[in-house]
Amino acid sequence: MQLSWLLVFLSLCLGVLPTRAGEGKRKLQIGVKKRVDHCPLKSRKGDVLHIHYTGRLEDGTEFDSSLHRDQPFVFSLGTGQVIKGWDQGLLGMCEGEKRKLVIPSELGYGDRGAPPKIPGRATLVFEVELLKIERRPEL
């Protein structure tokens, strides 16, 4: 009799654990806001991208924007120079394309955040426009 209760208890615990482990886990959301008609080159790992962006918290609070500086942000895609949500969410983009990225904290700044503007566990919302792709010649 005790063994059956133990089995019931263990099955209940094991049934609950996967749900709790998955709580709060969200996936990267990529929305295309503006497509381009002609796209001879799509962004890929190793490309240097020139983008304009505005970053907001889920409540709409803006925490950063390249537009206010009137200076595009330039970085190498897929090399860890930016948060994982960007490295994933900007793949396959065309010059002139605009996207909205909703980035869960696991692909952003995680539990620690980026104080003082980005709290821990924050979901980030970015509006991005790809201005230019610099493709490095393959070796």
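Biologist: What volume does the largest pocket have?

Modeller: This is a predicted model, in which local features need pLDDT of at least 70, side-chain atom pairs count only at pLDDT 80 or more, and totals for chains, interfaces and linings use all residues. Residues are numbered from 1 along each chain as its sequence is written, and side-chain values use heavy atoms, without hydrogens and water. A pocket is an open set of points on a 1 Å grid over the protein atoms alone, where a 1.4 Å probe fits and protein lies on both sides within 12 Å along at least five of seven lines; points are joined across faces, edges and corners, and the volume is the space filled by probe spheres set on them. For the largest pocket, that volume is about 220 Å³.

Biologist: Which residues that line the largest pocket are the closest to its centre?

Modeller: A lining residue has an atom within 4 Å of a point. The largest pocket has 13 of them, and the closest to its centre are Tyr53, Asp64, Trp86, Tyr109 and Phe126.

Biologist: How do the residues of this lining divide into nonpolar, polar and charged?

Modeller: Ala, Val, Leu, Ile, Met, Phe, Trp, Tyr, Cys and Pro count as nonpolar, Asp, Glu, Lys and Arg as charged, and the others, Gly among them, as polar. By that scheme the lining of the largest pocket has 10 nonpolar, 1 polar and 2 charged.

Biologist: What pattern does the protein follow along the sequence?

Modeller: Helices (H or I, at least four residues) and strands (E, at least two) are DSSP runs, numbered from the N terminus. The protein has 2 helices and 6 strands. Along the sequence they follow the pattern α-β-β-β-β-α-β-β.

Biologist: What share of the contacts with a separation of 6 or more is between residues 24 or more positions apart?

Modeller: A contact means heavy atoms within 4.5 Å. Among contacts with a separation of 6 or more, residues 24 or more positions apart account for 66%.

Biologist: What percentage of the residues is buried?

Modeller: Accessible areas come from the Shrake-Rupley method with a 1.4 Å probe, and for residues only the protein chains shown count as cover. Buried means under 20% relative accessible area, exposed over 50%, and partly exposed in between. The accessible surface of the protein is about 9300 Å², with 55% of it on carbon and sulfur atoms. Of the 139 residues, the buried ones make up 33%.

Biologist: Which residues does the disulfide join?

Modeller: A disulfide is a pair of cysteine sulfur atoms within 2.5 Å. The structure holds 1. With S to S at 1.9 Å, the pair joined is Cys39 and Cys94.

Biologist: How many residues apart are Cys39 and Cys94?

Modeller: Cys39 sits in the loop between strand E1 (29-34) and strand E2 (48-57). Cys94 sits in the loop between helix H2 (84-89) and strand E5 (98-103). Their C-alpha atoms are separated by 5.7 Å. The pair links distant parts of the chain, with a spacing of 55 residues.

Biologist: Is the disulfide of Cys39 and Cys94 left-handed or right-handed?

Modeller: Look at the torsion about the S-S bond of Cys39 and Cys94, about -95 degrees. Because of that torsion, the disulfide is left-handed.

Biologist: Which residue forms a cis peptide bond with Pro115?

Modeller: Omega of this bond is about 5 degrees.

Biologist: Which residues does Pro119 touch, not counting residues up to four places away in sequence?

Modeller: Pro119 is in the loop between E5 and strand E6 (124-134). Its relative accessible area is 44%, so Pro119 is partly exposed. Beyond four places in sequence, Pro119 touches Leu57 and Gly113.

Biologist: What is the phi of Arg121?

Modeller: Arg121 is in the loop between E5 and E6, and is exposed because its relative accessible area is 62%. Arg121 is not a glycine, yet has a positive phi of about 65 degrees.

Biologist: Is Asp70 buried or exposed?

Modeller: Asp70 lies in the loop between strand E3 (62-65) and strand E4 (73-76). Its phi is near 55 degrees, a positive value in a residue other than glycine. At 64% relative accessibility, Asp70 counts as exposed.

Biologist: How far apart in space are Leu49 and Phe75, C-alpha to C-alpha?

Modeller: Leu49 is in strand E2 and counts as buried because its relative accessibility is 0%. Beyond four places in sequence, Leu49 touches residues including Val74, Phe75, Leu90 and Leu130. Leu49 and Phe75 are 26 residues apart in sequence, and their C-alpha distance is 5.6 Å.

Note on methods: Buried < 20%, exposed > 50% of the residue type's maximum accessible area, 1.4 Å probe, protein only.
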